[in-house]
Every structure is written in C-alpha cells, then in structure tokens.
Amino acid sequence: MPVFDAARSFMRKNGNMHQWTNGYPSEKQIMDDITSGRFYLISNNGETVGCFCFFIGREPNYDYIFDGEWPDDKPYGTIHRLASNGKRKGIADCCIEWCSRQCQRLRADTHADNKTMTECLIRNGFEYCGKIYVEDGSKRNAYQKICRPESPSCQ
C-alpha cells in the first residue's frame with residue numbers, strides 16, 4: 001500500500017486531483033488482485049518500487065466506449081492500477097514491456113488529468129481510442145496498443 005500512497009501523492013503534486021480518490025485502490029481490491037493472480041510487483045535490489053494489475057480477458061468497463069471506438073474486438077490484456085514509489089524511473093515502461101510479451105493487444109485507461117500516464121502510454125505505442133466509464137461512474141480515456149507479431153496472441 002505504500003507504493004499506492006506514493007503514487008497518489010505524485011498525482012496530486014502533478015495536477016491530477018480526481019483519480020485514485022476515496023481510498024482507491026483499497027487494500028481489499030489489491031488483495032482481490034493478488035488472490036486472482038493478477039497482481040505483479042516490480043522490485044529493485046529486493047525493494048518493491050512498483051506494482052500493477054494485469055489480466056487477459058474481458059474488462060467489463062471496456063464493453064461500452066464512446067467518443068471513439070476500439071480498433072478491433074480481438075482478445076486483449078488489460079493493465080490497471082500501475083503505481084510507482086518514485087524511487088526508480090521507467091516503472092511504467094517496464095510494466096508495459098513485460099505485458100506486451102504476454103499478449104499482442106493491450107488496453108489501459110487513465111484519467112484525463114493524468115498527464116504522466118497519458119504521455120507514457122503514447123510513448124509506448126498506445127493509441128487513444130475513446131472514453132469509458134469506471135465503476136464509480138467517472139470517465140477515463142481509453143487506449144490500445146497492438147504489439148509486435150512475435151507476442152502471444154492471447155487466444
């Protein structure tokens with residue numbers, strides 16, 4: 001949870017006041033990610049410097065997209081709750097690179113105020129596809145990346 005606290009603090013310092021509020025992600029959400037085998041750590045010399053949720057399969061929040069569209073309806077992997085403690089650069093790049101080896105198509109979303117994550121997604125080959133709603137009813141910008149052909153197809 002300290003990694004998420006550091007990420008929240010970074011967001012606030014960088015103008016993202018509306019994402020990850022009201023205790024999100026909760027300890028229960030993270031425990032659910034862990035028990036479902038979807039939670040991954042990024043460590044450096046034994047210290048956890050980042051973490052994320054990744055899974056292959058349908059993300060219900062992505063069923064309805066507006067102000068755009070998904071480029072296809074092929075199987076995809078989803079990246080959620082990507083966080084860094086701020087002690088190491090390149091955590092998001094590391095996460096995306098690993099996920100791209102797991103599945104040929106990746107999807108992710110982020111709040112419009114999260115300029116850092118938006119820039120990271122674009123830098124790593126994601127394309128803006130439209131907007132989606134998350135569980136609390138707020139909007140997120142949605143992105144998809146189609147990875148190199150040698151990546152697994154997720155089928």
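This section describes the overall fold, surface and cysteines of a predicted model.

The secondary structure of the chain consists of 4 helices and 6 strands. Along the sequence they follow the order α-α-β-β-β-α-β-α-β-β. The radius of gyration is 15 Å, close to the 15 Å that the globule rule gives for 155 residues, so the chain is as compact as a globular protein of that length. The C-alpha trace spans about 35 × 35 × 30 Å along its principal axes.

Contacts between residues at least 6 apart in sequence were also examined. Of these, 66% join residues at least 24 apart. Buried residues make up 46% of the 155 in the chain.

Charged side chains number 21 positive and 20 negative. The centres of the two sets lie 4 Å apart.

The cysteines were then considered. A disulfide is a covalent bond between the sulfur atoms of two cysteines. The cut-off applied here is a sulfur pair within 2.5 Å. By this rule the count is 0 disulfides. For Cys53, the closest cysteine sulfur is that of Cys99, at 9.3 Å, which is too far for a bond. Cys53 is buried, with a relative accessible area of 0%. For Cys95, the closest cysteine sulfur also belongs to Cys99. The separation there is 4.0 Å, again too far for a bond. Cys95 likewise counts as buried, at 0% relative accessibility.

Key. Residues are numbered from 1 along each chain as its sequence is written. This is a predicted model: local features need pLDDT of at least 70, side-chain atom pairs count only at pLDDT 80 or more; totals for chains, interfaces and linings use all residues. Side-chain values use heavy atoms; hydrogens and water are left out. Buried means under 20% relative accessible area, exposed over 50%, partly exposed in between (1.4 Å probe, protein chains only). Helices (H or I, at least four residues) and strands (E, at least two) are DSSP runs, numbered from the N terminus. The radius of gyration is taken over C-alpha atoms; the globule rule is 2.2 Å times the number of residues to the power 0.38. Contact means heavy atoms within 4.5 Å. Lys and Arg count as positive and Asp and Glu as negative; His and the chain ends are not counted. The place of a charge is taken as NZ of Lys, CZ of Arg, CG of Asp or CD of Glu.
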